[in-house]
Amino acid sequence: MAFASSISPSYSLPNLSSKPKKILTTLNKIHPLSLLQRPSIFRIGCSSPLQGRDSLNFNVSASVTSADFLLDESVGEAQLPKGDTWSIHKFGGTCVGTSERIQNVANIVVKDESERKLVVVSAMSKVTDMMYDLIHKAQARDDSYVVALDAVLEKHKSTAIDLLEGDDLTIFLARLNQDISNLKAMLRAISIAGHATESFSDFVVGHGELWSAELLSAVIRKSGLGCACMDTREVLVVNPTSSNQVDPDYLESGIRLEKWYSNNSSDIIVATGFIATTPQNIPTTLKRDGSDFSAAIMGALFRARQVTIWTDVDGVYSADPRKVSEAVILKKLSYQEAWEMSYFGANVLHPRTIIPVMKYDIPIVIRNIFNLSAPGTKICRPDGSENEDGQRLDSPVKGFATIDNLALVNVEGTGMAGVPGTASAIFAAVKDVGANVIMISQASSEHSVCFAVPEKEVKAVAAALEVRFRQALDAGRLSQIAVIPNCSILAAVGQKMASTPGVSATLFNALAKANINIRAIAQGCSEYNVTVVLKREDCIKALRAVHSRFYLSRTTIAMGIIGPGLIGRTLLDQLSEQAAALKEKFNIDLRVMGITGSSTMVLSHMGIDLSIWRDLQKEQGEKADMQKFVQHVHGNHFIPNTVIVDCTADSFVASHYYDWLRRGIHVITPNKKANSGPLEQYLKLRTLQRQSYTHYFYEATVGAGLPIISTLQGLLETGDKIMRIEGIFSGTLSYIFNNFVGDRTFSDVVKEAKDAGYTEPDPRDDLSGSDVARKVIILARECGLKLELSDIPVKSLVPDQLKDSISAEEFMQQLPQYDQDWSNQRQEAEAAGEVLRYVGVVDVVNGKGTVELRRYKKDHPFAQLCGSDNIIAFSTQRYEKQPLIVRGPGAGAEVTAGGIFSDVLRLASYLGAPS
């Protein structure tokens, strides 16, 4: 049984506590659009098979005669002017969220110098949510919808009182109260029925836009300008689709717009966003976030000069600024780029907003209503002749976007290859459960198809596929239908990607260097975007890595410093001094996230202020915990790259290198223990390093800050053959023998070196030759010799009687007893025109190494040293007659820390910083 009747705006509502049948008759007499004086005659209808209250169905419809929208060609009515005289503005809910903000919007509209303006407004902030909440409460028969509706009334009433006065205020409040009264009756009926149709819900929710449009138009008229208020349900006609979207009917909408303007001509029009009507004149909406779409449709109907979308951000960012703090505002985007970024979750526009304006080349400008000085982002047809965004002309990627909470579904089997209709069957099953396919990837072998769907839909998808392909699975034609949960999508977007070779390689290289594994890849032939699927926990890290790699932000590295001793604290001071220059000149952001010693550590989530790190260690230090320290430094997903700098000489710390590298943590160290330790562990470590994109740098293990390791690696990589490496590798022993001249005693020189800080606290650690032996074994292994430390014969300078049984102080006290022996050796050498030097030798040809005290002629390069200089001679096939010599300071905290710092900057360069 159905009821339908015309509605009088002045009809008074009876008591809604009467019988259901009476309610049905009453609801047909409520005017659904009582706020504005609209020409259309609307009906609210109800139907029921009279099987009880729960079976009630409500619908909202409108009866409109075709004559109402015939174009009136009489001379006296205004014709709609179209073209560049019109500018379109759209203000979202945040922009009209309070009375002050509505006044601000009115000021912007009034100051706009365009000849004609159309302003599209959303409901006030949170009002749309409040209206949906009313419907949900009523459907649940929760009587609190009455109080919630009163809150909606009070919000708009107080706003109107702030903005309006006199007749304007009286008229608005009268219409507002009438609407609230009607809504209360509708919600009461919904509560009794326990159900509301979509069209009924759309009608109720659309009131928010009607109220904000009426408020804004009244405020503009208050300034002395003419302004018409448009209920877009009288103009905008859309056809609902099966995918919960709508398609605008531009022809019918244009006809209705002409008719509306002939009766409401004005140079300023305030129009409702979000709401529209169907061809059957049933109120509907453009779905959530549809006000942008409304503005674009209006721009196309008016053939406007420009559509400006006002929001609360300065424009479109190159990446989500909440995830990439260095994201930049893009001054320009092409329509296609904006389209891609909005699809992949970038907070740019309603995904379909771009379609209406593209046809007429109408630019869209995204601007910040709270920062009018910001120029915003312009979305338009690209001009290839200009340097867009002030960026490098050859920058192919505009920005990056992500989608989280996805799952991959992989359908795999040899029976798929060459079988027509397999893909069709897969996606038909997905369609049947109503799931949305975000991305599809298929290898050319046709062995498998994988696709991404929202994680909340994956169980239904997997179940549907299991049913659909049960026979193929049982027969073995399909091997599996696998679900990979906890995934995210990362998309790189840029129109220039289509014409720029190597973009994908750069993208994948950046991800590889951040130790991020790719689950699936998709790229269309248009090449506007490259899409990859990753683990969800890697998404932010991946986003920062690729963003940095394309020079849109700094190369940021999270650092953990182990060992704030002499070398460690010197490195921290050097980092502190250079941090600002590295950011400004080289786009490198080094953030020390943690510093740990043997007993105390200090951690930071944003980066330690290195100017006060000593104070922080004292005041905020906690008990050292290596596992917690590494997890903290590496666990910050906002920073894609992590490096541990080990400034100790500790074997226990060195034993962690393999695990760190395996986890994607880069390692830099002057600690010789790992590279000179057991051969099996060394080979395992180097194999891992060579097979991954994780870097292990150890320049300072030999020669402090001298480029010994890098020189040797350069020779080997370019095909040279190393014959022999010979050198003075100990800065301490170099100082001792350079100063052991004349009448000076050996013990006096050793004491002087100890007092100057050149030796270890116990000088026997230097005099034993074990440090030189470790350097020799490191170089020997770099040359490919598989030697253990025990294979290197070492001539110790410590007398046997003083090796182990006494303390360092007693050693220094007893060392003078052996001065005469040393003086005799020196005199013998001087008599032969030679000097004493403590050297290490790598004999690659014979596969051995030695550490010993040797004599050299005074004209030999090794005899020309001074201070603590090191000197290393490389004899190779290319440098056979005249060895390649590297010479310079080989000891001291400053030069050693400088060598470590150089490795850090080399790592930054490898990770994408400009060189």
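**Figure 1. Lining of the second largest pocket in the predicted model.** The second largest pocket has 50 lining residues. Those that lie nearest the pocket centre are I567, C647, T648, A649 and E760. The space in the second largest pocket comes to about 1,300 Å³. Two or more lining residues come from each of the helices α17 (566-586), α20 (651-654), α25, α27 (764-767), α28 (770-782) and α31 (893-910). Of these elements, α28 gives the most to the lining, with 4 residues. Sorted by class, the lining of the second largest pocket holds 22 polar, 18 nonpolar and 10 charged residues.

**Figure 2. Packing of helix α25 on helix α26.** Helix α25 covers residues 731-739, and helix α26 covers residues 746-755. Their axes are 9 Å apart, and the packing angle is about 135 degrees. Because angles over 145 degrees count as roughly antiparallel and 65 to 115 as roughly perpendicular, α25 is oblique to α26. The crossing of these two helices, α25 and α26, is right-handed. On the α25 side the contact is made by Y735, I736, F737 and N739. On the α26 side the contact residues are F746, V749, V750, E752 and A753. The contact of α25 with α26 comprises 7 nonpolar residues, 1 polar and 1 charged.

**Figure 3. Packing of helix α6 on helix α7.** Residues 198-205 form helix α6, and residues 207-222 form helix α7. The two helices pack with their axes 5 Å apart, at an angle of about 25 degrees. Angles under 35 degrees count as roughly parallel, so α6 is described as roughly parallel to α7. Helix α6 contributes F203, V204 and V205 to the contact, and helix α7 contributes H207, G208 and E209. By class, the contact of α6 with α7 has 3 nonpolar, 2 polar and 1 charged residues.

**Figure 4. Crossing of helix α2 and helix α4.** Helix α2 spans residues 99-111 and helix α4 spans residues 145-163. Their axes come within 9 Å and cross at roughly 50 degrees. This angle makes α2 oblique to α4. The crossing of α2 past α4 is right-handed. In the contact, S99, I102 and Q103 of α2 meet T159, D162 and L163 of α4. The residues of the contact of α2 with α4 divide into 3 polar, 2 nonpolar and 1 charged.

Figure 5. With neighbours within four places in sequence left aside, K137 is in contact with D142, S144 and Y145. The view also takes in L187, which is 50 residues from K137 in sequence. The C-alpha atoms of K137 and L187 are 9.0 Å apart in space.

Conventions. Residues are numbered from 1 along each chain as its sequence is written. This is a predicted model: local features need pLDDT of at least 70, side-chain atom pairs count only at pLDDT 80 or more; totals for chains, interfaces and linings use all residues. Side-chain values use heavy atoms; hydrogens and water are left out. Axes are lines fitted to C-alpha atoms, for helices over the stretch in contact, and angles run from 0 to 180 degrees between N-to-C directions. A crossing is left-handed if the near helix is turned anticlockwise from the far one by less than a right angle, and right-handed if clockwise. Contact means heavy atoms within 4.5 Å. Ala, Val, Leu, Ile, Met, Phe, Trp, Tyr, Cys and Pro count as nonpolar, Asp, Glu, Lys and Arg as charged, and the others, Gly among them, as polar. On a 1 Å grid over the protein atoms alone, a cavity is a set of points where a 1.4 Å probe fits but cannot get out, and a pocket is an open set with protein on both sides within 12 Å along at least five of seven lines; lining residues have an atom within 4 Å of a point. Grid points are joined across faces, edges and corners, and a volume is the space filled by probe spheres set on the points.
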